[in-house]
Amino acid sequence: MKAIGLTEFGGPEVLRVLDLPVPEAGPGEIRIRVNAATVNPVDTLVRRGIAFVSDAEPPYVPGMDAAGVVEQIGAGVDTDLAVGDPVMAVVVVSGTHGAYAEQLVVPAESVVRAPAGATDVEAATLPMNGLTARMALDLLELPVGGTVAVTGAAGAVGGLAVQLAKADGYRVIADAAAKDEQLVKELGADVVLPRGTAFADLVRTEVPEGVDGLVDTAGIAAQAVRAVRDGGRVASSVGGTQVPAERGIETRFTFVPQYAREHAKLDRLRELAEKGGLTARVARTLPAEQAVEAHRLLEAGGLRGRVVLTF
């Protein structure tokens, strides 16, 4: 099968087409014929040798989001899926086990039907990004009807966090650059404030006692934490973010592999997408052979949505 991967770490140029054996679905597993795989920031960490490579030998295949059709169902899988059904899946990368490949085997719990009416490209943007946002909100343990602030709200994970928070019944205060303000409003934010160093102070103007929790997808929790009330929580999707311990505020970090088999949470993303409560945002679509360009686009920044590779 064709896959996109690397045998040495480095910049986007190390990505190349690989010819790998087709994996077989074992007990409890499903094989997917991948039609689309999303390019996420964590993929660049795999490419640079920072994430998901410590216990594996090269080559390495990145990719944590896939969509396609069921191709093989392993023994003992209890599912209503059948061969040929359109599906989306979240992937825990290990060695050549990544979504940038024509065929992919994952645990059955990591696979759900693709949202009805969604293309493969659209469906591929939801699993990992959606579960990251879902985990961030879960980590906050917000009170019923609570208020949450979201940084990086115009980004892929931040936008999904806004939509999931609204679906949960929370009040959402989000940041946005002027050019993204309308987008973030359309995602459902109750209050949209200018992004930047004054965000926390502006939040306090809206909520003098502070918000119950902060979802930080922009890596600015250290300055935005002032927006959180005493005893509140911060959930960051940006590894290595330093947040001062103050006022009884606890900081927690998302790690999507812990949610990779949370089938019900993944299927809830499908359900919300079908109802219009989650938006699949695609910035660019490129053939898999142009993965180098896809990584360059991602690292250049400024995208509103994800770049998706097609196979």
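**Cores, a helix and a sheet: exercises**

The largest nonpolar core has 51 residues, and Val 148, Val 162, Val 172, Val 184 and Val 215 have the most contacts inside it. Such a core is a set of buried Ala, Val, Leu, Ile, Met, Phe, Trp, Tyr and Cys residues joined through side-chain atoms within 4.5 Å. Buried means under 20% relative accessible area (1.4 Å probe, protein chains only). The model is predicted: local features need pLDDT of at least 70, side-chain atom pairs count only at pLDDT 80 or more, and totals for chains, interfaces and linings use all residues. Residues are numbered from 1 along each chain as its sequence is written, and side-chain values use heavy atoms, without hydrogens and water.

**Exercise 1.** Find which helix gives the most to this core.

*Solution.* Helices (H or I, at least four residues) and strands (E, at least two) are DSSP runs, numbered from the N terminus. Suppliers of at least two residues each include α3 (127-140), α4 (156-167) and β9 (171-176). α3 gives the most, with eight residues.

**Exercise 2.** State how β12 pairs with β11 and β13.

*Solution.* Pairing requires at least two DSSP bridges between two strands. Five bridges join β11 (211-216) to β12 (228-236), running parallel. Here Gly 213 stands opposite Arg 233. Four bridges join β12 to β13 (250-253), also running parallel. Ser 236 stands opposite Phe 253 in β13.

Note on methods: Buried means under 20% relative accessible area, exposed over 50%, partly exposed in between (1.4 Å probe, protein chains only).
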